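The following exercises concern a predicted model.

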Amino acid sequence: MSTLLDVRGLDAGYGDFQALFGVDLTVREGEVVAVIGANGAGKSTLLGAIAGLVEVRAGEILHRGEPITGLPAEAVVRRGIALVPEGRRLFPSLSVEENLRLAAALGRPGPWDLDAVYALFPVLRERRDIPATALSGGQQQMCAIARGLLTNPELLLLDEASLGLAPAVIREIYATVPRLREQGITLVVVEQDIGQALQVADRVCCLQEGRVTLEGRPAELGRERIREAYFGTAA
Ligand SMILES: Nc1ncnc2c1ncn2[C@@H]1O[C@H](COP(=O)(O)OP(=O)(O)O)[C@@H](O)[C@H]1O
Ligand SMILES: [Mg+2]
């Protein structure tokens, strides 16, 4: 499998604050990679740096072998890398479909159009004319994923899709992961919840206080080592 994304020795942060220290992450075509870590570990910062939203201080990010470090967010989207941000960030004053149409205009051509995302999430078609914020939490997450898909990504970065949702809704959202992968989409899935992420992941990367503490295949690493890398040895 060829390497789709290669993050090497990444330092990133905000003003005087450094959030990531020498982070390495390799994502191969067709994989689902889970990045797990406690609140504040640097997961969103890592996705933000890849997406061109957070300043990179050192290291590099390669997409299909080409450096994309420091590219503006729009250019990263046009290369086929889409971020589904934590907290969904839908435009509250716009309808579901208006939110989706905006995304389609930013992306690149490909198989994902309104019909395709409505086929994946039929409830969005039913509710397409209501304000995005009138959707339930789970439906807002579906809308945020649909928005990412409409840019026709080959790599989807999913930041805490499960946040604030009931277990049944989380399962419904995660049930789409294998379907996306069948469509040829590679995924990086960020979660605080270890269980859900490990179920869908080929490989897992644990972040703790801005550093990678463990990386590998979940089955080979075992739950205990993963828990330790997640919580630290004190836990
Ligand atoms: N916009 C910001 N400005 C300053 N510090 C931030 C900002 N966003 C995140 N941080 C800090 O960076 C660290 C990593 O945050 P984040 O990447 O959001 O962690 P996670 O997504 O794993 O919860 C935390 O200490 C957080 O307080
Ligand atoms: Mg986060």
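**Exercise 1. Determine what share of the residues of the protein count as buried, and describe its overall build.**

Solution. Of the 235 residues in this predicted model, 42% count as buried. The secondary structure consists of 11 helices and 10 strands. The radius of gyration is 17 Å, close to the 18 Å that the globule rule gives for 235 residues, so the protein is as compact as a globular protein of that length. Finally, take the contacts between residues at least 6 apart in sequence: 69% of them join residues at least 24 apart.

**Exercise 2. Identify the residues of the largest nonpolar core that touch the most other members.**

Solution. The largest nonpolar core holds 69 residues, and A146, L157 and V188 touch the most other members. Helix α6 (residues 137–149) supplies the largest share of this core, 6 residues. Next, consider A146 while leaving aside its neighbours within four places in sequence: its contacts are L100, V117, F121 and L124. As general background, nonpolar side chains in soluble globular proteins tend to be buried together.

**Exercise 3. Describe how the residues of strand β6 point and how β6 joins strand β7.**

Solution. Strand β6 covers residues 81–84. I81 and L83 point one way, whereas A82 and V84 point the other way. All four positions, I81, A82, L83 and V84, are buried. Strand β7 (residues 155–159) runs parallel to β6, and 4 bridges join the two. Within this pairing, I81 stands opposite L155 of β7.

**Exercise 4. Decide whether D115, E160 and E209 are buried, partly exposed or exposed.**

Solution. A residue is buried with 20 or more C-beta neighbours within 10 Å, exposed with 12 or fewer, and partly exposed in between.

- D115 lies in helix α4 (residues 114–120). It counts as exposed because it has 9 C-beta neighbours inside 10 Å. Its C-alpha atom is 8.6 Å from that of R125, a residue 10 positions away along the chain.
- E160 is located in the loop between β7 and α7 (167–174). It has 23 C-beta neighbours inside 10 Å and therefore counts as buried. Its phi is near 50 degrees, a positive value in a residue other than glycine.
- E209 belongs to the loop between β9 (203–208) and β10 (211–216). With 14 C-beta neighbours inside 10 Å, it counts as partly exposed. Although E209 is not a glycine, its phi is positive, at about 45 degrees.

**Exercise 5. State which residues surround ligand 1 and which element gives the most to this shell.**

Solution. The residues around ligand 1 are Y14, F17, A19, G37, N39, G40, A41, G42, K43, S44 and T45. The elements that give two or more residues to the shell are β2 (17–28) and α1 (43–50). Of the elements, α1 gives the most, with 3 residues. Sorted by class, the shell contains 4 nonpolar, 6 polar and 1 charged residues.

Note on methods. Residues are numbered from 1 along each chain as its sequence is written. Chains are lettered from A and ligands numbered from 1 in the order in which they are written. This is a predicted model: local features need pLDDT of at least 70, side-chain atom pairs count only at pLDDT 80 or more; totals for chains, interfaces and linings use all residues. Two strands pair if DSSP finds at least two bridges between them. A nonpolar core is a set of buried Ala, Val, Leu, Ile, Met, Phe, Trp, Tyr and Cys residues joined through C-beta atoms within 7 Å. Two residues are in contact if their C-beta atoms, placed from the backbone, lie within 7 Å. The radius of gyration is taken over C-alpha atoms; the globule rule is 2.2 Å times the number of residues to the power 0.38. A residue is near a molecule or strand if its C-beta atom, placed from the backbone, lies within 6 Å of it. Ala, Val, Leu, Ile, Met, Phe, Trp, Tyr, Cys and Pro count as nonpolar, Asp, Glu, Lys and Arg as charged, and the others, Gly among them, as polar.
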